[in-house]
Amino acid sequence: AGWALFFWPAHPVVAAMGAMAILLGYAWVLALELVLLAVFAGADHAPRPGWGALLRAWWGEVLAFPRVFFWRQAFRADAVSDFLPARAPGTAAVRGVVFVHGLFCNRGFWTPWMRQLLARGRPFMAVNLSPPWGDIDAQAQGIEVAVQRITDATGLAPVLVCHSMGGLVVRSWLRGALAGDRIHRVVTIATPHAGTWMARLSGSVHGIQMRRGSAWLAKLHGDAAAAPDYSRFVCWYSNTDNMVFPAPTATLPGADNRCVPGVAHVALAFEPRVMRETLALV
């Protein structure tokens, strides 16, 4: 808006083109990420996406990205409050859900999911990971509080639904909690369980941790004997994920790994099939 107002009187074309370039700049970044996927993912993608599939994934992400980052998280993060209704005596227990967002996100990411659960009367909580720039192990502390609160409210172990780095935060918490029976299921959506190629472009603490072959990931996998059975995990992934690739890095051995071809990183969390089948687990 500032660019457009400044240039409009003397240079309306510059005003319009510059404003559009600023507004849609993220679309070019998304396109570059998908090009990197196509070039560097190698033969690990199954099925390997063609340029048509990559273009469709790009367009879906162009539509999903501003809804999440420019609206829900920026201005509507608390539009839907956590729902922990008191259980009436003599009524059957109702299982709850804990939502765990990923990098650069907050609880507003899950607004469409929370609205669906609220309409069904299902208890839920959505955490805000903190510290936002800390390492993954430090952020895991917030999971303990949420799981304990929803378990106390419902009397049942919850389902944890996680996007991207949030799945690693939950796995870190489970390793420390040493209590697999405290969760019913864990659903991860586009989580870099084995790291991601894109993390090599980050110099942050959590970016280094998510690099393929990192010491942190090796320790996480090395402690598998103390972690829950991965058969309790459902791992959603895509062959056109612009942030987590190669695609198999978003899967776990022994988990229920479910592929949704042709959908990018953020859009995957709101894919109708992903939402429908995940909520059916609850």
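Let me start with a term: helices (H or I, at least four residues) and strands (E, at least two) are DSSP runs, numbered from the N terminus. Now the model. This is a predicted model, where local features need pLDDT of at least 70, side-chain atom pairs count only at pLDDT 80 or more, and totals for chains, interfaces and linings use all residues. Residues are numbered from 1 along each chain as its sequence is written, and side-chain values use heavy atoms, with hydrogens and water left out.

First, the sheet. Six strands make an open sheet. Read across, the order is β2-β1-β3-β4-β5-β6, with parallel pairing. At the edges sit β2 (124–126) and β6 (256–259), each pairing on one side only. Pairing here requires at least two DSSP bridges between two strands. From one strand to the next, the twist averages 15°. Axes are lines fitted to C-alpha atoms, for helices over the stretch in contact, and angles run from 0 to 180 degrees between N-to-C directions.

Look at one pair. Strands β1 (residues 97–100) and β3 (residues 159–163) run parallel, joined by four bridges. Within that pair, Phe 99 has Val 161 in β3 as its bridge partner.

What lies across β3, β4, β5 and β6? Helix α11 (residues 272–281) does, running at about 175° to β5. Contact means heavy atoms within 4.5 Å.

Next, the loops. Most residues other than glycine have a negative phi, and most peptide bonds are trans. Ser 164 has a positive phi of about 55°. Its place is the loop between β3 and α8 (165–177). Ser 164 counts as buried because its relative accessibility is 10%. Buried is under 20% relative accessible area, exposed is over 50%, and partly exposed is in between (1.4 Å probe, protein chains only). Ala 190 also shows a positive phi, about 55°. That residue is in the loop between β4 and α9 (205–209). At 0% relative accessible area, Ala 190 is buried.

Now cis peptides. One joins Ser 130 and Pro 131, with omega about -5°. Pro 131 sits in the loop between β2 and α6 (136–139). Another runs from Phe 245 to Pro 246, with omega near 0°. Pro 246 lies in the loop between β5 and β6.

Last, helix α3. Phe 40 lies in this helix. With 43% relative accessibility, Phe 40 counts as partly exposed.
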